[in-house]
Amino acid sequence: MNNFDIEKIRKDFPTLSVLVNGNPLVYFDNAATTHKPIKVIEAVDNYYRNYNSNIHRGVHYLSQLATDAYEQSRNKIMNFINAANNQEIIFTKGATDSLNLIASSYGRTFLKEGDEIIISNMEHHANIVPWQLIAQEKGFKLRVIPINDKGELLLEEYDKLLNEKTKIVSIVHISNTLGTINPIEYIIKKAKEYGAITIIDAAQSIQHKKINVQELDCDFLVFSGHKIYGPTGTGILYGKEALLNKMPPYQSGGDMIRSVSFEKTIFNDLPYKFEAGTPNIAGNIALGYAIDYISNISLNTIDQYETHLLNYATQKLSQIKELRIIGTASHKASAISFVLDNVHPHDIGTFLDADGIAVRTGHHCTEPIMKRYNIPATSRASISFYNTIDEINVLYNSILKIIKIFK
């Protein structure tokens with residue numbers, strides 16, 4: 001990767017220079033949240049310093065500035081995922097909020113007793129629990145695609161689950177725990193043969209892989225801003241315009257209405273119908289700057305470099321005989337979950353933190369995966385394009401120290 005100036009990139013992320021317990025921070029918790037480049041931080045600061053105002057409601061100068069910046073961000077996201085128009089881009093609080101919006105608005109309206117939804121064994125809780133809650137209310141069934149020991153979907157079982165009762169297929173693109181890249185093109189194509197609506201959870205893929213929603217032909221796609229180098233509390237729901245127009249509002253209040261009387265309310269047009277109240281204006285504006293930042297580097301370049309890091313980390317950690325990687329799919333993105341013989345993942349995380357290394361430990365909001373592998377939890381090292389080979393070596397050496405301590 002001779003054309004990848006990693007030192008220049010790292011200077012764009014102030015948090016990477018922090019010391020932890022006297023050691024340089026080694027941040028491998030990117031699947032939980034990513035750090036923010038200076039341009040994103042400055043965008044938030046600039047909004048509050050120079051043109052703080054509410055949007056869509058004011059004719060005064062500051063309101064117009066804020067509205068223009070807000071809608072420019074919507075257009076950047078539209079172009080980034082190649083949506084057909086900006087009405088298909090709904091600002092939310094994150095992927096979880098987006099999935100709840102679909103489940104509540106579409107699920108409650110169009111699903112009935114006897115219908116079926118297909119999800120998978122590797123879903124985040126955010127793509128399980130909302131469906132369970134509405135299933136209890138509406139009487140439809142959840143069907144689950146199993147996975148093999150490598151952490152890959154059993155597509156032949158998916159084919160068997162599909163039938164005329166299947167109304168929704170809601171699938172994670174890349175597993176936050178296993179790193180598995182699911183064949184969503186095939187999943188979407190097969191679902192459409194039965195007329196099912198498709199939902200793609202792109203929370204762990206949008207920052208790693210180029211996504212074109214029109215080429216995929218998915219009906220909905222969700223992601224979180226804070227995992228793609230933007231602020232927390234921001235997210236996107238992409239939905240096909242025709243479907244969004246059929247759905248009732250998820251929340252009600254200001255900005256999502258055209259007119260209100262005590263007799264009747266007329267709702268606003270898309271996308272505002274789903275954006276009730278004052279949103280995270282600064283955050284959503286800054287999300288556009290995060291999109292600019294990674295677009296300037298290019299997702300193809302990011303993907304190549306992160307794949308290089310993942311391959312090196314996998315090869316390096318596989319040398320440790322006491323370590324077992326959970327999730328060895330043929331197609332993976334930059335996350336490695338692992339367990340160590342006779343060492344609890346929480347102890348691993350504590351000892352790594354003493355060396356300045358940040359990983360995530362626990363079930364990663366994917367308890368069904370832990371049950372599938374008969375383990376209580378894993379330690380997860382998740383990689384970003386601002387990580388380095390040297391940092392992987394630091395992780396490797398720290399794990400060796402932990403093994404010696406517990407022996």
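1. Strand S17 (residues 378-382) has both faces covered: Thr378, Arg380 and Ser382 are buried on one side, Ser379 and Ala381 on the other. Buried means under 20% relative accessible area, exposed means over 50%, and partly exposed lies in between, with a 1.4 Å probe and protein chains only. By that cut-off, five of the five residues of S17 are buried. In a regular strand the side chains alternate between the two faces of the sheet. Helices (H or I, at least four residues) and strands (E, at least two) are DSSP runs, numbered from the N terminus.

2. This is a predicted model, in which local features need pLDDT of at least 70 and side-chain atom pairs count only at pLDDT 80 or more, while totals for chains, interfaces and linings use all residues. Residues are numbered from 1 along each chain as its sequence is written, and side-chain values use heavy atoms, with hydrogens and water left out.

3. S17 belongs to an open sheet of four strands in the order S13-S14-S17-S16, with antiparallel pairing. Two strands pair if DSSP finds at least two bridges between them. S14 and S17 are antiparallel and share four bridges; Arg380 in S17 is the bridge partner of Ser337. S16 is joined to S17 by three bridges, also in the antiparallel sense, and here Thr361 stands opposite Ser379. Strand S13 (323-326) and strand S16 (360-362) are the edge strands, each pairing on one side only. On average, neighbouring strands of this sheet are turned by 30 degrees against each other, direction ignored.

4. Which strands does helix H12 lie across? Helix H12 (residues 345-354) lies across S14, S16 and S17, and runs at about 160 degrees to S16. Axes are lines fitted to C-alpha atoms, for helices over the stretch in contact, and angles run from 0 to 180 degrees between N-to-C directions. Helix H11 (residues 299-317) lies across S13 and strand S14 (335-340), at about 10 degrees to S14.

5. Pro345, Ile348, Gly349 and Leu352 are the buried residues of H12. Seen down the helix axis, they fall within an arc of 95 degrees, so they line one face of H12. The arc is that of the directions from the helix axis to the C-beta atoms. The cover over these buried residues includes S14, strand S15 (357-358), S16, S17 and helix H14 (389-406). Contact here means heavy atoms within 4.5 Å. After H12 comes Gly356, with a positive phi near 85 degrees.

6. A second open sheet has seven strands in the order S4-S10-S9-S8-S7-S5-S6, and its pairing is mixed. Strand S4 (89-92) and strand S6 (141-145) stand at the edges with a single partner strand each, so one side of each has no neighbour in the sheet. Strand S5 (residues 116-120) and strand S7 (residues 166-172) pair in the parallel sense over three bridges, and Ile118 stands opposite Val169 in S7.

7. Helix H7 (residues 184-193) packs on this sheet, touching S7 and strand S8 (197-201), and its direction makes about 160 degrees with that of S8. Ile184, Ile187, Ile188, Lys190 and Ala191 are buried in H7. Their arc around the axis is only 170 degrees, which puts them on the same side of H7. Glu185 and Lys189 are exposed, on the face turned away from the buried side. Helix H6 (155-161), S7, S8 and helix H8 (213-216) are among the elements covering the buried residues of H7. Just after H7, Gly195 has a positive phi of about 75 degrees.

8. How many cavities of 30 Å³ or more does a search of the whole structure find? The search finds three. On a 1 Å grid over the protein atoms alone, a cavity is a set of points where a 1.4 Å probe fits but cannot get out, a pocket is an open set with protein on both sides within 12 Å along at least five of seven lines, and lining residues have an atom within 4 Å of a point. Grid points are joined across faces, edges and corners, and a volume is the space filled by probe spheres set on the points. The largest cavity holds about 50 Å³; its lining includes Ala31, Gln204 and Ser382.

9. The largest pocket holds about 350 Å³ of space. Its lining has 26 residues, of which Ala31, His124, Asn176, Gln204 and Lys227 lie nearest the centre. Helix H4 (95-110) and S16 are the elements that give two or more residues to this lining, and H4 gives the most, with three.
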